[in-house]
Amino acid sequence: MTDSEKDQEPTQQVESARKAFEQEFERFARFIGDSADLSALSLEQASAEQRSLADVRTRHLGKKSALAASKKLIGRVAPELRAGFGQLVQATESTLIGAIDQAEQRLKNHIEAERTARESVDVTLPGRRPRLGHRHPITLVRERIEDIFVALGYAIEDGREIETDFYNFDALNIPANHPARASQDTFYTTTDLALRSQTSTVQIHAMQRRGAPVRMIAPGRVFRRDTPDPTHNPMFFQVEGLCVDRGITMSHLKGTVAEFLRRMFGVDTVTRFRPSYFPFTEPSAEFDFSCFKCKGAGCRICKNSGWIELGGSGMVHPNVLRAVGVDPQEFSGFAFGLGIDRMCALMYGLDDIRLLFENDVRSLEQFE
Ligand code: DAH
């Protein structure tokens, strides 16, 4: 081997290291220069390119790279050629570093821009308004009733929907085998429990808890074994009312119901009572009010009668007072019960109460 051959060798090594790099870098070359266009590159693609570029850097500039090996040869090159060779190695190294750095910077910028675009929010778009629900028509009517009775000094009681026979029947003066049980046939379980068929049960709970005097209303769900049709549903809502004190008479009952209906349907509302029968009241009466639509003249809502039937009422039966340990010699009271659903259907012009329970927002959302 001649001297010049020996000197040639390292130069060639550097040369082939540069060629090998150029070959591999070719696919990254499109990222640099003024005409470079990265716009077609997705965020994921750009990140993948960034990783392979880092790999290229390690392989061509790292400790085990051909260029690093060439650097070690600098000392072995003939003294007169050493400076030239050293410069070649350095120049090659900075060419490689420059190319990789540029491509990397472009990729980085692109990734950042893509990320910003992805996360950006168009503040000029109209906001998405959350859909707010509103109260059910029955709730709206119930709340109006509650407001009126609270203003008249009544407390609001919350009853139970599952009851024993004692609360649903016995304490209300409906002994076993009484025919009134049949008309309120309900949903029984195999134990002594049943879904309550009336809110009158709350009279018993209220008097047990508070004793007398007491003034309360109890709105709530009741259940009866019934086939659904436009005016019936096996689950419906009632409001129970109870007033027990010394010296309460039928006139208090009539005055209270009449005042309630005036506040509910307008000052010119007329109330009428018809004798009736309920086991837990004596005497008993059903009450109607003059139609809120035609004011008694007769229309479709009141079926041309001028009156709308609303509920039952009466003077609390002494047996009911005794069942809860209130002395009927000292106290007397009146009670009433009315259905909310039918009233609600009439007020909102529904011809089928089942619309209230099907929970189809298209019909329910019409009532505010
Ligand atoms: N509980 C009766 C029913 O469901 C309604 C009723 C009538 C309640 C007369 C009363 C009353 O408090 O005195 O048909």
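Reader: Is C294 buried or exposed?

Author: This is a predicted model, so the answer is a computed one. Buried means under 20% relative accessible area. C294 has 16% relative accessibility, so C294 counts as buried.

Reader: How many disulfides does the structure hold?

Author: A disulfide needs two cysteine sulfur atoms within 2.5 Å. For C291, the nearest cysteine sulfur is that of C294, 3.7 Å away. For C294, the nearest is that of C302, 3.6 Å away. The number of disulfides in the structure is 0.

Reader: What is the relative accessibility of C291, and is C291 buried or exposed?

Author: The cut-off for buried is under 20%. C291 has 1% relative accessibility, so C291 counts as buried.

Reader: Which element gives the most to the lining of the largest pocket?

Author: The largest pocket holds about 1000 Å³ of space. Its lining has 45 residues, and R224, F236, Q238, G311 and G339 lie nearest the centre. Elements that each supply at least two lining residues include β5 (235-245), β9 (332-339) and α11 (340-347). With 7 residues, the element that gives the most is β8.

Reader: How many charged residues are in the lining of the largest pocket?

Author: The lining divides by class into 18 nonpolar and 16 polar residues. The charged residues number 11.

Reader: Which elements give two or more residues to the lining of the second largest pocket?

Author: The second largest pocket has a volume of about 450 Å³. It is lined by 20 residues, with R300, I301, K303, R342 and L346 closest to its centre. The elements that give two or more are β8 and α11.

Methods. Residues numbered from 1 in each chain as written. Predicted model: local features only at pLDDT ≥ 70, side-chain atom pairs only at ≥ 80, totals over all residues. Heavy atoms only, no water. 1 Å grid on protein atoms, 1.4 Å probe; cavity = no way out; pocket = protein on both sides within 12 Å on 5 of 7 lines; lining within 4 Å. Points joined across faces, edges and corners; volume = space filled by probe spheres on them. Helix = DSSP H or I, 4+ residues; strand = E, 2+ residues; numbered from the N terminus. Nonpolar A, V, L, I, M, F, W, Y, C, P; charged D, E, K, R; others polar. Buried < 20%, exposed > 50% of the residue type's maximum accessible area, 1.4 Å probe, protein only.
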